Amino acid sequence: MRVRLYVLPVLVLAGATMFMGAQKGGSKKGGPKKVELPHPFYWAAPDPLRGDWQGTGGYVAQVVPIMDKIFSKEDLIPQQEDNGKYEVHIFMAFDQPNDTPVAVLNGALDGDSLSLEGDGWTGTIAGGHLKASKGDQAIDLQHIERPSPTLGMKAPKGAVVLFDGKNMDSWAKMMEKEWLKEDGPCNWHLVPGDAVESVPRSGNCITHKQFGDAKIHVEFRTIGGPTNSGVYIQDRYEANINETYGSLTANPNGQFDNSVPGKHGIRASRPVLEWQTYDIDFKAPRFDAAGNKTADAVVTLLMNGEVMYKDQKLGPVILNAARLGEAPTGPIQLQEHGMPVQFRNVWVVDESKK
């Protein structure tokens, strides 16, 4: 198995500051400037408690190691004393729009048992059961896995297979400042499990082939944090990828941040290290003979089988992709934003050919 070595851009010390030098724009002209260093990436470790829990009592729960919450925020650095601490969110059900937890409990491991309390609830995780109660309310939950219903879906007949685990021949490195141009081969690493892993600072990858109307299937997983990636349709419309499982405030996965105003409220993410899916039905914008746009791009996006957007108009595009304008066709981009993310089983049904 290939050993991957990444040289982090900053030395992290407990309690160390993330800045060097004096504040920018100090009292003396020409004096030292405050320089913000790139934030390090933290690899996630497997954790038997992390994830979704379901059972009896009319509620479900998500268990999140405090380490996960810390490494997913760019302004925080994990400390040794954060090991063994957990946060538990109790919900009425999974994947509900604009949901807020019934209760948030916290606790720390003591041997093989985790004691919990918060919002009037008390409980434990021990022997494979999460038991908690408040007054006459009581739950007994077990750890479950909720794989996406489209995980491992095979490309249908006639689909364009963009990545099947063998090579990245369908992709090129994207030119940094001219997104529609290729800049040599995509230099990401093939990894076990028929997957490819983005290599920090190696650049985004775009398809050689251009697509208009399309059905797109992408499988991905986050492997640590902080994570910032995305799937760009036509190199313009970004369905974001981040590591926010268990966060009640961070930007959820699956949003079109650069082309849909506002935020949706469904948090359908699976925990770090679990494979997830995007299934995208995209209709390209329409133009008349003079090149004037006559209809917006429209998208339906399912994340892990949950509908995030249904027949949603896209645009105008903002941020870095805005300079490209809109067009009938364009490549698909997998974004590398300084952190490793893994992808597999990527294919497209080209609807414009029908």
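Mentor: The secondary structure of the protein comes to one helix and 28 strands. The model is predicted: local features need pLDDT of at least 70 and side-chain atom pairs count only at pLDDT 80 or more, while totals for chains, interfaces and linings use all residues. Residues are numbered from 1 along each chain as its sequence is written, and side-chain values use heavy atoms, with hydrogens and water left out.

Trainee: What makes a run of residues a helix or a strand?

Mentor: Both are DSSP runs numbered from the N terminus: helices are H or I with at least four residues, strands are E with at least two. One of the strands is β17, residues 205-207, which holds C205.

Trainee: Why is the link between C186 and C205 called a disulfide?

Mentor: A disulfide is a pair of cysteine sulfur atoms within 2.5 Å. The S to S distance of C186 and C205 is 2.0 Å, so the pair meets that rule. The count by this rule comes to one disulfide.

Trainee: Why is this disulfide right-handed?

Mentor: The torsion about the S-S bond of C186 and C205 is about 80°, so the disulfide is right-handed. C186 sits in the loop between β14 (182-185) and β15 (189-191) and C205 in β17, so the pair ties together parts that are 19 residues apart in sequence.

Trainee: How do you know whether C205 is buried or exposed?

Mentor: Buried means under 20% relative accessible area, exposed over 50%, and partly exposed in between, with a 1.4 Å probe and protein chains only. C205 has a relative accessible area of 1%, so C205 is buried. C186 is buried as well. Of the 354 residues of the protein, 47% count as buried.

Trainee: Which residues does C205 touch?

Mentor: Contact means heavy atoms within 4.5 Å. Not counting residues up to four places away in sequence, C205 touches W171, A172, M174, C186, W188, I332, Q333 and L334. The C-alpha atoms of C205 and Q335 are separated by 6.6 Å, although these residues are 130 apart along the chain. Among contacts in the protein between residues at least 6 apart in sequence, 64% join residues at least 24 apart.

Trainee: What makes a set of residues a nonpolar core?

Mentor: The set must consist of buried Ala, Val, Leu, Ile, Met, Phe, Trp, Tyr and Cys residues joined through side-chain atoms within 4.5 Å. The largest such core has 46 residues, and W171, F256, Y278, L301 and F343 have the most contacts inside it. Another core, of 18 residues, lies apart from it, with L49, L116, W121 and L130 among its residues. In soluble globular proteins, nonpolar side chains tend to be buried together.

Trainee: Why does D194 count as partly exposed?

Mentor: Its relative accessibility is 48%, so D194 counts as partly exposed. N304 has a relative accessible area of 3%, so N304 is buried.

Trainee: Which residues line the largest cavity?

Mentor: The lining consists of G51, D52, H143, I144, E145, R146, R270, P271 and E274. The largest pocket has a volume of about 950 Å³. Of the 46 residues that line this pocket, T227, N228, S229, H337 and M339 are the closest to its centre.

Technical notes:
1 Å grid on protein atoms, 1.4 Å probe; cavity = no way out; pocket = protein on both sides within 12 Å on 5 of 7 lines; lining within 4 Å. Points joined across faces, edges and corners; volume = space filled by probe spheres on them.
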